[in-house]
Amino acid sequence: VNGFWTCHSDVDVCIRVPRASTRNGQIKVLREICNELGRIDKYQVEARFGAQVPIVHWAPKRPGMVACDISVNNVLAVVNS
């Protein structure tokens with residue numbers, strides 16, 4: 001049971017980027033992702049770089065659609081889920 005059917009569910013995405021081996025490198029890639037995703041009007045983009053694992057939260061402005069948390073090289077989270 002994963003709870004994906006609830007209204008507060010989201011999708012966790014881990015992007016593997018070999019050149020982003022440090023936290024600063026990961027944040028740099030996430031900034032690039034923020035810039036590109038920010039071009040889509042129907043979604044809001046929130047950078048959460050102060051979190052233990054830096055992420056970009058990408059959520060629809062319209063309720064009832066699925067949000068997404070994007071991290072870089074956070075492979076352990078994939079294994080743990």
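This report describes the fold, core, surface and side-chain contacts of one predicted protein model.

## Basis of the model

Residues are numbered from 1 along each chain as its sequence is written, and the side-chain values use heavy atoms, with hydrogens and water left out. Since the model is predicted, local features need pLDDT of at least 70 and side-chain atom pairs count only at pLDDT 80 or more, while totals for chains, interfaces and linings use all residues.

The term pLDDT is the predictor's confidence in each residue, from 0 to 100. The protein chain has a mean pLDDT of 87, and 85% of its residues reach 70 or more. Confidence is highest in helix 1 (residues 23-37), with a mean of 96, and lowest in helix 2 (residues 75-80), with a mean of 69.

## Order of the elements

The protein chain contains 2 helices and 4 strands. Here helices (H or I, at least four residues) and strands (E, at least two) are DSSP runs, numbered from the N terminus. Read from the N terminus on, the order is β-α-β-β-β-α.

Strand 1 covers residues 10-15, strand 2 covers residues 43-48, strand 3 covers residues 55-60 and strand 4 covers 67-72.

Buried residues make up 33% of the 81 residues in the protein chain. Buried means under 20% relative accessible area, exposed means over 50%, and partly exposed lies in between (1.4 Å probe, protein chains only). In soluble globular proteins, nonpolar side chains tend to be buried together.

A nonpolar core is a set of buried Ala, Val, Leu, Ile, Met, Phe, Trp, Tyr and Cys residues joined through side-chain atoms within 4.5 Å. The largest one here has 14 residues, of which Val29, Leu30, Ile33, Phe49, Val56, Ile70 and Val72 touch the most other members. At least two residues of this core come from each of helix 1, strand 3 and strand 4. Helix 1 gives the most, with 6 residues.

The whole structure holds 1 aromatic pair. Rings of Phe, Tyr and Trp (its six-membered ring) pair if their centres lie within 6.5 Å; planes under 30 degrees apart count as stacked, over 60 as edge-to-face and the rest as tilted. Tyr43 and Trp58 form a stacked pair, 4.3 Å centre to centre with 20° between the planes. Tyr43 is in strand 2 and Trp58 in strand 3, so the pair ties together parts that are 15 residues apart in sequence.

Ala59 is also located in strand 3. Its relative accessibility is 8%, so Ala59 counts as buried. The C-alpha atoms of Ala59 and Gln44 are 5.4 Å apart, although 15 residues separate the two along the chain.

## Salt bridges

Side chains of opposite charge can pair when their charged atoms come close. A salt bridge is a side-chain nitrogen of Lys or Arg within 4 Å of a carboxyl oxygen of Asp or Glu, and the count comes to 3. In one of them, the closest N and O atoms of Glu32 and Arg19 are 3.5 Å apart. Glu32 lies in helix 1 and Arg19 in the loop between strand 1 and helix 1, so this pair ties together parts 13 residues apart in sequence. Glu32 is partly exposed at 37%, whereas Arg19 is exposed at 57%.

Arg39 and Glu36 also form a salt bridge, at 3.4 Å from N to O. Arg39 is exposed, with 62% relative accessible area, and Glu36 is partly exposed, with 48%. Arg48 pairs with Glu46, the closest N and O atoms being 3.2 Å apart. Both partners are partly exposed: Arg48 at 30% and Glu46 at 38%.

## Surface and loops

Val11, Val13, Ile15 and Val66 make a nonpolar surface patch of about 240 Å². Patches are made of residues with over 30% relative accessible area and no salt bridge: like charges are joined within 9 Å, nonpolar side chains (Val, Leu, Ile, Met, Phe, Trp, Tyr) within 5 Å. Accessible areas come from the Shrake-Rupley method with a 1.4 Å probe; for residues, only the protein chains shown count as cover. Ile15, in strand 1, is partly exposed at 31%.

Gly64 sits in the loop between strand 3 and strand 4 and is exposed at 80% relative accessibility. Gly64 and His8 are 56 residues apart in sequence, with 8.8 Å between their C-alpha atoms. Asn73 is in the loop between strand 4 and helix 2 and is partly exposed at 25%. Asn73 has a positive phi of about 60° although it is not a glycine.
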